[in-house]
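Q: I would like to learn how to read a model of this kind, feature by feature. Could we take the general idea each time and then turn to the case at hand?

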Amino acid sequence: MPLSKYLTAAIFLLATSALPSFAQGRAGRGGAVGATSAPVDISQSRTMDQAAIDRGAQLFAASCASCHGANARGGSKTKTDVDLIRSPMVLDDLGTGGREIADYLKYGRPEKNMPKFDFTDQQAFDIALWLHRQIAAASERGTYQRLNVFSGDAKAGEAFFNGSVGKCSTCHSATGDMKGLAARSNDDASTIQGLIVSGGGRGGRGGGRGAAAPSPTAVTATVTTKSGEAIKGYPGSIDDWQITIRLPDGQMQSFLRIDGWPKYETHNPLQAHVDLQFVYTDADIHNLAAYLRTLK
Amino acid sequence: MIIRHIILLSLMAFPASISAQGVDAQMLLHPPADSWPTYHGDYTGRRYSTLDQIGKSNVDKLTLAWTYKADLTVTGANIGGEYKDGDPIYLYSGNATFKCSALLVNGVLYATMPDHAWALDARTGRQIWHYFWKSEGGHHDGERGFGMYGNWLFMETADNFVISLDASTGKERWHKQIADVKRGYFSTSAPLIVGNHVIVGTGGDNLDVQGFLESRDPETGELQWKWYTTPQKPGDAGYDTWPDDYSRTHGGGMTWQPPTYDPELNLVYVPTGNPNPVGAGQGRKGDNLFTCSVVALNPDTGKMVWYFQSSPHDTHDWDSTQVAVLFDGTWNGQPRKMLVQGTRNGYFFVLDRISGQNLLTKPLVDPEYVTWSKGINAKGQPIPDPEKDPSIDGVLVGPGSATNWQPPSYSPQTGLFYVGTSEALSMDYLTDTDERPEGYGFMGAGGGGAGRSGIRAIDYKTGTMKWFHAGGGAQGLMSTAGGLVFGGDGSQHFIAFDSETGKPLWHTSLLANHSNGPQTYLLDGKQFVLVGAGDTLYAFTLNQ
């Protein structure tokens with residue numbers, strides 16, 4: 001069984017063994033597949049020739065979709081119900097440069113009513129590439145797109161915003177800090193809902209490490225020494241034996257922890273968002289998003 | 001009588017000629033203190049050691065004996081695979097991490113990473129040999145380690161080969177392909193040796209493959225039996241929990257965690273992964289047996305004896321491959337053979353491991369984070385709330401990944417189950433609305449503040465938490481007769497806790513968070529503790 005030269009973009013020659021690998025097969029887990037000077041792998045969507053994919057899409061729509069469905073998955077509304085995304089023949093074509101599919105199309109499978117097609121080699125390759133693009137679209141979860149659906153009721157969202165359960169208006173104002181939220185969020189439902197749930201800051205424990213400029217909503221930390229001195233900053237790291245905080249000037253300061261000293265406390269200005277996640281329903285979140293979207 | 005007969009058969013399966021060296025059936029049934037002959041150290045998965053030389057009173061004298069940094073240089077290694085000179089190969093080095101448990105036999109440690117294996121002198125950490133597998137690809141996520149039979153080692157590869165090596169030389173004996181990397185399979189598990197069976201599973205969930213577990217002949221590598229996670233034909237148990245063959249044959253249920261084994265019952269306990277497509281369940285209505293389950297199989301035939309499904313119709317990637325831990329104890333005053341599992345869906349289960357009957361189901365993490373379920377049914381299973389299935393407009397759901405593959409521990413000394421956990425709510429969005437969704441089919445997005453992350457010590461009789469230590473989330477643990485639990489805190493500390501109270505009694509700083517299950521063994525009368533963190537193994541012993 002010869003090793004295909006096109007298996008992956010993460011291939012390095014043995015001679016370049018000092019280089020780091022981004023080992024990943026058919027990219028599935030959304031992890032970064034490093035850009036390399038390796039052979040092109042037609043299974044990797046980000047290295048695929050878009051013009052060829054577009055030609056393949058047209059060819060597929062014209063010649064194949066009536067039996068295999070517009071998305072090549074077969075299904076109850078198609079003539080054959082043969083799913084090409086999971087077809088062993090199509091999957092085995094991976095790494096052959098479309099040859100397996102091209103050969104298949106030349107002869108078809110008459111006993112199963114699959115006719116032969118007189119495609120040129122380039123056309124067969126384009127179709128193969130389009131099919132591999134569909135496989136990559138299903139398997140590369142790092143490239144998925146959310147569908148941007150606002151399903152909620154804006155009026156109900158406004159009531160929640162101002163009501164006694166959400167109490168959003170305690171801290172926020174439709175004409176103040178929330179003004180223009182739709183544009184700032186690219187009118188994207190998951191972005192707005194993400195802001196509702198998280199508050200948009202670094203919520204929760206620990207916060208961030210590093211030199212990002214502190215925002216008014218950042219979690220703050222106070223270290224109190226046995227002598228009563230209180231040192232304020234931002235959370236760095238904490239464990240049983242040390243505390244590190246970032247001081248307002250960006251310097252890191254660490255403290256040994258001995259017998260419970262110094263004391264450590266954090267304050268999260270966005271705690272209301274954390275608390276709300278156990279209070280509101282999904283409908284409340286959807287309604288709020290629909291309302292916030294109207295704040296131009 | 002029947003049980004004894006089965007044990008005898010299993011013992012007889014080992015040829016007499018190999019029992020004099022390496023690993024034999026007796027060693028696997030009763031591992032000597034100077035060995036660690038199988039992934040969990042023994043068949044139970046308890047990760048409890050009877051060694052007590054290192055104990056509460058002297059653990060503060062624990063000190064570094066040696067370190068070993070993974071040698072990833074291919075030059076000089078034994079090369080395996082079917083490739084010609086000049087063929088391109090993968091090179092695994094970017095995130096080299098020890099996720100294996102090293103085997104220890106006759107003073108030699110055998111450790112693995114994806115594509116790599118090493119034999120090390122257990123007294124010094126010095127390398128004896130290095131084996132390198134030329135890979136075709138696959139997700140190089142991790143490698144759980146070797147199984148050993150006689151003087152032969154067995155490991156799996158990311159591109160789904162089972163390899164057998166000669167333990168003395170590190171030279172390859174044979175390799176066999178068990179699944180096709182082009183279909184989206186990748187393998188990370190450690191083979192389990194039972195009798196003359198090399199039991200191997202596989203993983204992969206991005207292209208909707210079918211899960212299976214199979215047994216290979218240690219001598220030849222030939223297939224002995226193959227068990228598919230999803231039912232195969234009408235009349236099979238669970239057949240009607242899928243709408244059609246299309247969904248059954250692409251239904252996932254991967255077997256990427258080494259199983260555990262009860263020699264008296266002659267049952268192998270296999271925890272199975274999530275169904276596929278992962279988050280989009282509209283094309284696979286039903287409970288989707290035997291995904292997200294513990295399945296008891298006969299290791300001689302591959303036939304299923306019982307099952308318990310912890311996440312019916314999973315749509316959240318709950319992937320219940322967490323270790324099925326076996327222990328004997330009392331339940332309501334009666335002696336009982338039990339199985340305990342803390343699962344990624346945020347629940348803690350106690351089962352009778354003879355029958356599979358559920359004895360207890362309790363939240364594994366803080367219950368307010370376990371929002372995907374409506375409660376517990378009469379069989380002790382969580383009831384999924386369809387309102388919390390991923391949707392195109394998003395649902396806020398938890399507990400996130402409550403725990404994972406990292407081995408937990410059960411101590412018969414304390415009756416406590418130790419497990420690394422975390423908890424959070426996040427928005428889950430359905431991304432594939434087709435009647436035939438494919439791949440993961442959903443994605444998560446930002447959540448609010450996370451809850452507690454750290455080690456929990458849980459009383460198996462009630463499910464109540466006796467102690468908690470913050471930090472580290474899912475992590476490998478080990479308990480010992482010295483009254484200790486070894487684990488970490490997510491701040492690169494390796495810590496010995498008092499197993500009764502959770503108080504840290506000793507700690508040291510490693511160069512990374514510990515990344516496998518800690519191990520212990522006796523050598524020349526001295527107890528060692530071994531742990532992997534990133535690309536380095538650390539061995540500790542008492543400074544005397």
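Q: Which residue stands opposite Ser49(B)?

A: Strands of a sheet pair through backbone hydrogen bonds, either parallel or antiparallel. Here Ser49(B) stands opposite Thr480(B) in S33(B), a strand being a DSSP run of E with at least two residues and a helix a run of H or I with at least four, both numbered from the N terminus. This is a predicted model, in which local features need pLDDT of at least 70 and side-chain atom pairs count only at pLDDT 80 or more, while totals for chains, interfaces and linings use all residues. Residues are numbered from 1 along each chain as its sequence is written, and chains are lettered from A and ligands numbered from 1 in the order in which they are written.

Q: How do S1(B) and S33 of chain B run, and how many bridges join them?

A: Two strands pair if DSSP finds at least two bridges between them; S1(B) and strand S33 (residues 478–480) of chain B run parallel and are joined by two bridges. They belong to an open sheet of five strands with mixed pairing, in the order S1-S33-S34-S35-S36 (chain B).

Q: Why is one side of S1 and of S36 in chain B left without a neighbour in the sheet?

A: Strand S1 (48–49) and strand S36 (504–509) of chain B stand at the edges and have a single partner strand each, so one side of each lacks a neighbour in the sheet.

Q: What radius of gyration does chain B have?

A: The radius of gyration is taken over C-alpha atoms, and the globule rule is 2.2 Å times the number of residues to the power 0.38. For 544 residues a compact globule would have a value near 24 Å, and the 22 Å of chain B agrees with this. The C-alpha trace of chain B spans about 60 × 55 × 55 Å along its principal axes, and its secondary structure comes to three helices and 39 strands.

Q: What percentage of the residues in chain B is buried?

A: A residue is buried if 20 or more other C-beta atoms, placed from the backbone, lie within 10 Å of its own; in chain B, buried residues make up 61% of the 544.

Q: Which residues have the most contacts inside the largest nonpolar core?

A: A nonpolar core is a set of buried Ala, Val, Leu, Ile, Met, Phe, Trp, Tyr and Cys residues joined through C-beta atoms within 7 Å, and contacts use that cut-off of 7 Å between C-beta atoms placed from the backbone. The largest core has 153 residues, and Tyr110(B), Met148(B) and Val340(B) have the most contacts inside it.

Terms used. Buried ≥ 20, exposed ≤ 12 C-beta atoms within 10 Å, placed from the backbone.
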